[in-house]
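Please look over the sequence and the model below before reading on. The paragraphs that follow walk through the fold and then turn to the contacts between side chains.

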Amino acid sequence: NAQDVVALTDMEAAAEEAVQAATGDWGPVFVYGSLLSERAWGSLLRRVPEMQAAVLRGYERRAVQGAGFAALVERDTGLVVGQLISGLKPSERRLMDAAVDDGFSLVD
């Protein structure tokens with residue numbers, strides 16, 4: 001019955017949103033380096049998530065001098081081939097973030 005519905009307080013609504021964020025899928029992630037390997041995901045998560053070939057336009061992959069990894073830099077004509085990783089649980093996403101160097105930032 002619609003009359004029996006009780007509105008959540010602001011704090012209850014915030015708590016419900018936090019629970020959903022902590023337990024749900026945070027959305028797909030574009031990867032372009034060592035995480036292109038199913039073997040790397042298997043070692044990291046003990047499973048291979050859904051992987052789909054993807055292209056990121058407006059960026060270019062560049063070697064980082066003195067490091068064993070690459071980074072992306074904005075470039076109008078740039079194009080990076082990678083994978084779109086989907087279905088990561090929040091705990092798996094945190095593992096992935098921990099495995100990637102802190103010098104990187106998340107870009108929406």
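This is a predicted model: local features need pLDDT of at least 70, side-chain atom pairs count only at pLDDT 80 or more; totals for chains, interfaces and linings use all residues.

In which sense do β2 and β3 pair, and over how many bridges? The two strands pair in the antiparallel sense, over 13 bridges, where strands are said to pair if DSSP finds at least two bridges between them. One of these positions is Arg57, whose bridge partner in β3 is Leu79. Together β2 and β3 make a hairpin with six residues between them, and in the turn Gly66 has a positive phi of about 80 degrees.

Residues are numbered from 1 along each chain as its sequence is written, and side-chain values use heavy atoms, with hydrogens and water left out.

Seen as a whole, the protein chain has three helices and three strands, and from the N terminus on these elements run in the order α-β-α-β-β-α. Helices (H or I, at least four residues) and strands (E, at least two) are DSSP runs, numbered from the N terminus. The three strands form an open sheet in the order β1-β3-β2, with antiparallel pairing. β1 (29-31) and β2 stand at the edges, each with a single partner strand, so one side of each is left without a neighbour in the sheet. From one strand to the next the twist averages 45 degrees, an angle that runs from 0 to 180 degrees between N-to-C directions of axes fitted as lines to C-alpha atoms. The pairing of β1 with β3 is also antiparallel and covers three bridges, and in it Val31 stands opposite Gln83 in β3.

Ser37 caps the N-terminal end of α2, with a side-chain oxygen 3.1 Å from the backbone nitrogen of Arg39. Just after α2 comes Arg46, which takes a positive phi of about 70 degrees, a positive value in a residue other than glycine. Arg46 is found in the loop between α2 and β2 and is exposed, with a relative accessible area of 71%; here buried means under 20% relative accessible area, exposed over 50%, and partly exposed in between, using a 1.4 Å probe and protein chains only.

How many salt bridges does a search of the whole structure find? The search finds four, a salt bridge being a side-chain nitrogen of Lys or Arg within 4 Å of a carboxyl oxygen of Asp or Glu. Side chains of opposite charge can pair when their charged atoms come close.

One of the salt bridges joins Arg47 to Glu92, the closest N and O atoms being 2.7 Å apart. Arg47 lies in the loop between α2 (38-45) and β2 (50-63), whereas Glu92 lies in helix α3 (residues 90-99), so this pair ties together parts that are 45 residues apart in sequence. Arg47 counts as partly exposed at 30% relative accessibility, while Glu92 is buried at 7%.

Arg93 is buried, with a relative accessible area of 7%, and Asp97 counts as partly exposed at 37%.

Glu60 lies in strand β2 and Arg75 in strand β3 (residues 70-86), so the pair ties together parts that are 15 residues apart in sequence. Arg75 counts as partly exposed, at 40% relative accessibility, and Glu60, Arg62 and Arg75 are linked in a network of salt bridges. Leaving aside neighbours within four places in sequence, Glu60 is in contact (heavy atoms within 4.5 Å) with Ala71, Leu72, Val73, Arg75 and Val80.

Finally, some totals for the chain can be set beside these details. Of the 108 residues of the protein chain, 20% count as buried. Among contacts between residues at least 6 apart in sequence, 63% join residues at least 24 apart.

Methods
A polar contact is a pair of N or O atoms within 3.5 Å; within protein, one must be able to donate a hydrogen and the other to accept it, and residues adjacent in sequence count only if both atoms are side-chain atoms.
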